[in-house]
Amino acid sequence: MKTIKYLALGIATLPLFTGCETMSQIPSTLPQTAPGTTTSTTGSNSGTITQAEATTGIKQALSNGLQNSINTLSANNGFYGDAIVKILMPQEAQKVEQALRSVGMGKLVDNFVLSLNRAAESAVKEAAPVFVNSLSQMTVTDAFNILLGSQQDAATTFFKRTTSATLTQKFSPIVESALGKNNVSSYWTQLTSAYNALPIAKEKVQTDLNAYVTQKAIDGLFTKIAGEELKIRQNIGGARNSSVLESVFGWVDKQK
């Protein structure tokens, strides 16, 4: 009954994944129980898991990672206060930053950088349903491919590869709206105008801020999801906080 409960919960809360490169072979020792069936429910000490448990375990792990990451990044200073994901000036605009700081206009630069990060924080919060709805059903083969692969961020990598294009398309208008709310365009106009007025400015600086912040916001989210996945794989801080996670990833530990 536990298997049914967790499987139903996983399907109801987070449809996952599209196609994946297949593994050469699913280990013959695993019970060939199709997802949704009621037989062969196993515990963490049984030494084996069903296909339904594997699929549900991956769904729950990624669901937890997504929710935790979105909650963290959408909070005030979620991006701005985290050196790992903080959005800095676009690379092609760094000469603008250096020039303006050198003439005492560092406050204008700081306001602009803060506004970029505020836009990303707002976008991540508003885009939570977009990420969930972009996911589709994962297959049994997908689940074992992710569980038994050598990468510690296999689920995140798979998620990134199969959803990035759709996420960018759907995320972009949310970021554009957030940029407007946080006066990014206004700050950018002030920055470029101030820079272009300097004697040292030989070329005008142009960058697509919407595309830039969209990609940085998505990159930051994947970075956080990868960290959450690693916690579950290594059971850091009791991250395997359900019986299905303990069962599935405990079994994975034994395969190493």
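The structure is a predicted model, in which local features need pLDDT of at least 70, side-chain atom pairs count only at pLDDT 80 or more, and totals for chains, interfaces and linings use all residues. Residues are numbered from 1 along each chain as its sequence is written, and side-chain values use heavy atoms, with hydrogens and water left out.

**Overall architecture**

The chain contains 10 helices and 0 strands; helices (H or I, at least four residues) and strands (E, at least two) are DSSP runs numbered from the N terminus. Read from the N terminus, the order of elements is α-α-α-α-α-α-α-α-α-α. Of the 256 residues in the chain, 46% are buried, where buried means under 20% relative accessible area, exposed over 50%, and partly exposed in between (1.4 Å probe, protein chains only). The accessible surface of the chain is about 12,400 Å², and carbon and sulfur atoms account for 51% of this area. Such areas come from the Shrake-Rupley method with a 1.4 Å probe; for residues, only the protein chains shown count as cover. Of the contacts (heavy atoms within 4.5 Å) between residues at least 6 apart in sequence, 79% join residues at least 24 apart.

**Helices α6 and α7**

Helix α6 spans residues 140-148, and its buried residues are V140, D142, A143, F144, I146 and L147. These buried residues pack against α2, α7 (154-181), α9 and α10 (243-255).

Helix α7 has a kink of about 60° centred on T163; the bend at a residue is the angle between axes fitted to the seven residues ending there and the seven starting there. T163 is itself one of the buried residues of α7, which also include F158, F159, L167 and F171. After α7 comes N183, which has a positive phi near 60°.

**Serine 69**

S69 lies in helix α2 (residues 51-74). S69 counts as buried because its relative accessibility is 2%. A polar atom of the S69 side chain is 2.7 Å from the backbone oxygen of G65. Beyond its neighbours within four places in sequence, S69 is in contact with L221, K224, I225 and E228.

**Salt bridges**

Side chains of opposite charge can pair when their charged atoms come close. The structure holds 7 salt bridges, each defined as a side-chain nitrogen of Lys or Arg within 4 Å of a carboxyl oxygen of Asp or Glu. Three of them are listed below.

| Pair | N to O distance |
|---|---|
| R101 and E97 | 3.1 Å |
| E121 and R118 | 3.0 Å |
| E229 and R233 | 2.9 Å |

R101 and E97 are 4 residues apart in helix α3 (residues 94-102), so about one helical turn separates them. R101 counts as partly exposed because its relative accessibility is 37%. The pair belongs to a network of salt bridges that links E97, R101 and D110.

E121 and R118 are both in helix α4 (residues 106-126), where they are 3 residues apart, about one turn of the helix. E121 has a relative accessible area of 4% and is therefore buried.

E229 and R233 lie in helix α9 (residues 209-234); they are 4 residues apart, which means a separation of about one helical turn. Both E229 and R233 are buried.

Key. A polar contact is a pair of N or O atoms within 3.5 Å; within protein, one must be able to donate a hydrogen and the other to accept it, and residues adjacent in sequence count only if both atoms are side-chain atoms.
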